[in-house]
Amino acid sequence: DVFLNSTVLATSRNANGVRIVVKTPQGVKLILAKKLLVSIPPKLSNFRGFDLSTTEQGLFSQFSNGGYYTGLLRNTGIPDNILVNNIGADTPYNLPAVPGSYAFSPTLVPGLKDLKVGTPTAVSDAELKALVAAEIERLKTAGTITTATTPEFVAYNSHTPYELRVSADAIQAGFYKNLNALQGHKNTWWTGAAFDKHASGEIWAFTATLLPDIAA
């Protein structure tokens, strides 16, 4: 079964199995399972209702993250056949400085640009859209584009929290060794970008390595 638009209210995980109480549009449900696979970003804010152990809390509390946002824009003033890349003039490897857009890319639909934006920390939707509007205005001021009205978001999505990370000191102290040691703890296994990388193929491959232990 799949429960969409649902919220975990409580969990109980131990050597005997897993119990999860979930609030769904059809009411409160109790899920009984032998084991649990978690794929959400391991930030403490995502685990309200979970019976996190002291070890889990201690590890997850060390994560910080950036923001990643995507969208489709109308009224940018950028010609349909033009790709605008954000290139850092004085950054290592000319990487774009964040917060800022990575690129305004053409699409197959006239008048629409594909947008990808990165931020060093999470920002609100309003802050993100204001940032993009300011970038369009700078392009207009610089003469890069000659006509532009207020950009309109036709579609928008936040992929935040993105790129979970910890300090160099934490890594040196064995953070990832301790994180990987969580596999199987309290009959729970963990997958996702924080345990591998931001690439769906690699995440599926990583998850496949967990299946023998989960199915055992």
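Tutor: A salt bridge is a side-chain nitrogen of Lys or Arg within 4 Å of a carboxyl oxygen of Asp or Glu. The model is predicted, so local features need pLDDT of at least 70 and side-chain atom pairs count only at pLDDT 80 or more, while totals for chains, interfaces and linings use all residues. Residues are numbered from 1 along each chain as its sequence is written, and side-chain values use heavy atoms, with hydrogens and water left out.

Student: At what N to O distance do the side chains of D114 and K116 meet?

Tutor: K116 is partly exposed, at 31% relative accessibility (buried means under 20% relative accessible area, exposed over 50%, partly exposed in between, with a 1.4 Å probe and protein chains only). Its side chain forms a salt bridge with that of D114, and the N to O distance is 2.6 Å.

Student: How many salt bridges does a search of the whole structure find?

Tutor: One of them joins D196 and K197 at 3.2 Å, N to O, where D196 is partly exposed at 30% and K197 is partly exposed at 41%. For the whole structure, the search gives a total of seven.

Student: How many residues apart in sequence are the parts that E56 and R13 tie together?

Tutor: The side chains of E56 and R13 meet in a salt bridge at 2.8 Å, N to O. E56 is buried at 0% relative accessibility, and R13 is buried at 4%. Because E56 lies in helix 1 (residues 54–60) and R13 in strand 1, the separation of the parts tied together is 43 residues (helices are DSSP runs of H or I with at least four residues, strands are runs of E with at least two, and both are numbered from the N terminus).

Student: Which side chain of opposite charge is nearest to K113?

Tutor: K113, in strand 8 (residues 112–119), is buried and has no salt bridge. Lys and Arg count as positive, Asp and Glu as negative, with His and the chain ends not counted. At 5.3 Å, the nearest side chain of opposite charge is that of D80.

Student: Which residue has its backbone oxygen 2.8 Å from a polar atom of the K113 side chain?

Tutor: Beyond its neighbours within four places in sequence, K113 is in contact (heavy atoms within 4.5 Å) with residues including L72, I78, P79, D80 and F104. The K113 side chain reaches the backbone oxygen of D80 at 3.5 Å. The backbone oxygen lying 2.8 Å from a polar atom of that side chain belongs to P79.

Terms used. Polar contact = N/O pair within 3.5 Å; in protein donor to acceptor, adjacent residues only side chain to side chain.
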